[in-house]
Amino acid sequence: MFSDESRFSLQSDSRRTFIWRGPGTHYHQENTIERHRYGGVGWLVWGGIILGSRTDLHVQSVTMTGHIYRDVILEQHVRLFRGTMGAEFLFMDDNARPHRANIVDECLQSEDITRMDWPAYSPDLNPIEHV
């Protein structure tokens with residue numbers, strides 16, 4: 001099972017600015033942009049894909065923590081697929097901090113869920129990024 005989550009902001013500022021500029025022009029006035037930081041509400045959406053199937057999307061308005069990841073994602077979604085697939089089940093999540101919490105590792109071990117080794121910051125290897 002490949003899994004991932006994305007955050008969607010409900011405000012106009014995603015807090016990301018992408019600029020193409022020539023080498024050595026980083027501090028030129030035309031490359032400096034005044035930005036406003038909008039706080040506010042956003043949604044985190046998690047999903048998983050496996051062998052021609054998929055999980056339901058999980059949508060939440062709170063920040064993902066190790067406890068939420070264990071109690072909601074692993075217990076309510078991943079564990080069910082593990083039960084269906086049997087011993088051959090292999091789980092992939094990225095190396096986000098909540099995914100590496102001790103309580104998450106303990107939960108995966110207790111459910112006999114094998115986690116796929118995955119290099120950090122490698123979204124190009126994850127097929128769910130294209131779904």
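Buried here means under 20% relative accessible area, exposed over 50%, and partly exposed in between, with a 1.4 Å probe and protein chains only. The model is a predicted one, so local features need pLDDT of at least 70 and side-chain atom pairs count only at pLDDT 80 or more, while totals for chains, interfaces and linings use all residues. Residues are numbered from 1 along each chain as its sequence is written, and side-chain values use heavy atoms, with hydrogens and water left out.

The overall layout comes to 2 helices and 6 strands, where helices (H or I, at least four residues) and strands (E, at least two) are DSSP runs numbered from the N terminus. Along the sequence, these elements follow the pattern β-β-β-β-α-β-α-β. Of the 131 residues, 33% count as buried. The accessible surface is about 9,200 Å², and carbon and sulfur atoms own 53% of that; areas come from the Shrake-Rupley method with a 1.4 Å probe, and for residues only the protein chains shown count as cover. Contacts (heavy atoms within 4.5 Å) reach well along the chain: among those between residues at least 6 apart in sequence, 63% join residues at least 24 apart.

Next comes the interior. A nonpolar core is taken as a set of buried Ala, Val, Leu, Ile, Met, Phe, Trp, Tyr and Cys residues joined through side-chain atoms within 4.5 Å. The largest one has 17 residues, and those with the most contacts inside it are Met1, Tyr69, Ile73, Leu74, Val78, Phe89 and Phe91. Two or more residues each come from β2, α1 and α2, with α1 giving the largest share, 6 residues.

Trp46 sits in strand β2 (residues 42-50) and is buried, at a relative accessible area of 1%. Once neighbours within four places in sequence are set aside, Trp46 is in contact with Ser3, Asp4 and Glu5, with the run Thr55, Asp56, Leu57 and His58, and with Tyr69, Ile73, His77 and Val78. The C-alpha atoms of Trp46 and Val59 are 6.5 Å apart in space, for a separation of 13 residues in sequence.

Helix α2 (residues 102-110) has two faces. Val104, Cys107 and Leu108 are buried, and they lie on the same side of α2 because they cover an arc of only 100° around the axis, the arc being that of the directions from the helix axis to the C-beta atoms. On the other side, Asn102, Glu106, Gln109 and Ser110 are exposed. The cover over the buried residues of α2 includes α1 (66-85), β5 (90-91) and β6 (114-115). After α2 comes Asp112, with a positive phi near 55°. Asp112 turns up again among the contacts of Arg82, which also include Ala87, Phe89, Glu111 and Ile113. Arg82 itself belongs to helix α1 and, despite its charge-bearing name, counts as buried at 15% relative accessibility.Salt bridges, defined by a side-chain nitrogen of Lys or Arg within 4 Å of a carboxyl oxygen of Asp or Glu, number 6 in the whole structure. In one of them, the side chains of Arg70 and Asp71 meet at 2.7 Å, N to O. Arg70 is partly exposed at 22% relative accessibility, and Asp71 is likewise partly exposed at 36%. Another bridge joins Glu75 to Arg79, at 3.2 Å, N to O. Both of these residues lie in α1, 4 residues apart, about one turn of the helix. An α-helix has 3.6 residues a turn, so residues three or four places apart point the same way. Glu75 is partly exposed, with a relative accessible area of 25%, and Arg79 is partly exposed at 33%.

Asp93 forms a salt bridge with Arg100, the closest N and O atoms being 3.2 Å apart. Asp93 is buried at 0% relative accessibility, whereas Arg100 is partly exposed at 29%. This pair belongs to a network of salt bridges that links Asp93, Arg100, Asp105 and Arg115.
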